[in-house]
Amino acid sequence: MKKISIKEAAQILGISEQAVRKRISRGTLDSVKENGHVYVILEDDSAQKMEREDYEQFFNLFLEEIEKKEIEIKELKEIIKQKEEKIDLLQNEVKEALKENAKLSQGVHIEARKLIETFLPMLEDMRHEPVKKRNKKKKK
């Protein structure tokens, strides 16, 4: 067991002097006050114990972060799944609209053919009819 200054404890433990003081105030580091000076009491294995505690604390924080990220990933995967379903739905709607458009275009084409077939003979007759005769028909 050693009685050392805060500065020495910080060097041994590999932390700042402020961190040593905080550990003293939290009670995680033994200390004594003599002649107005605070000394840290370290056992020979205290540094290793502190390192292990720091490692465990870091490791636990790391695990918490991993768990948070896993939750975020799960949520994002769900969002992606919903977006993919929406894309599939929209693609099917577009396909159906294209099919309907093709049917309508075909119907318009058929109607246009019928109109051409109906009026083409009339146009042919008009082409062969003399101009004067056509003008008389218009006056009536």
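**Exercise 1. Is Ala-19 buried, partly exposed or exposed?**

Step 1. Take the cut-offs: buried means under 20% relative accessible area, exposed over 50%, and partly exposed in between, with a 1.4 Å probe and protein chains only.

Step 2. Ala-19 has a relative accessible area of 24%, so Ala-19 is partly exposed.

Step 3. Ala-19 belongs to helix H2, residues 17–26. Helices (H or I, at least four residues) and strands (E, at least two) are DSSP runs, numbered from the N terminus.

The model is predicted: local features need pLDDT of at least 70, side-chain atom pairs count only at pLDDT 80 or more, and totals for chains, interfaces and linings use all residues. Residues are numbered from 1 along each chain as its sequence is written, and side-chain values use heavy atoms, with hydrogens and water left out.

**Exercise 2. Find which residues of H1 are buried and where they lie around the axis.**

Step 1. The buried residues of H1 are Ile-6, Ala-9, Ala-10 and Leu-13.

Step 2. These residues cover an arc of only 100° around the axis, so they are on the same side of H1. The arc is that of the directions from the helix axis to the C-beta atoms.

Step 3. Lys-7 and Gln-11, on the other side of H1, are exposed.

Step 4. Look past the end of the helix. Gly-14 follows H1 and has a positive phi, near 75°.

**Exercise 3. Describe how H1 and H2 pack.**

Step 1. Two packed helices are described by the angle between their axes and the distance between the axes.

Step 2. For H1 and H2 the angle is about 100° and the axes are 8 Å apart. Axes are lines fitted to C-alpha atoms, for helices over the stretch in contact, and angles run from 0 to 180 degrees between N-to-C directions.

Step 3. H1 is therefore roughly perpendicular to H2, a term for angles of 65 to 115 degrees; under 35 counts as roughly parallel, over 145 as roughly antiparallel and the rest as oblique.

Step 4. List the contact, meaning heavy atoms within 4.5 Å. H1 contributes Ile-6, Lys-7, Ala-9, Ala-10 and Leu-13, while H2 contributes Glu-17, Val-20, Arg-21, Arg-23 and Ile-24.

Step 5. Sort these residues: six are nonpolar, none polar and four charged. Ala, Val, Leu, Ile, Met, Phe, Trp, Tyr, Cys and Pro count as nonpolar, Asp, Glu, Lys and Arg as charged, and the others, Gly among them, as polar.

**Exercise 4. In what order do the three strands stand in the open sheet?**

Step 1. The order is E1-E3-E2, with antiparallel pairing. Two strands pair if DSSP finds at least two bridges between them.

Step 2. E1 (2–5) and E2 (31–34) are the edge strands, each pairing on one side only.

Step 3. From one strand to the next, the twist averages 35°.

Step 4. E2 is joined to E3 (residues 37–42) by four bridges; Glu-34 has His-37 in E3 as its bridge partner.

Step 5. Two residues stand between the strands in the hairpin of E2 and E3, where Asn-35 takes a positive phi near 50°.
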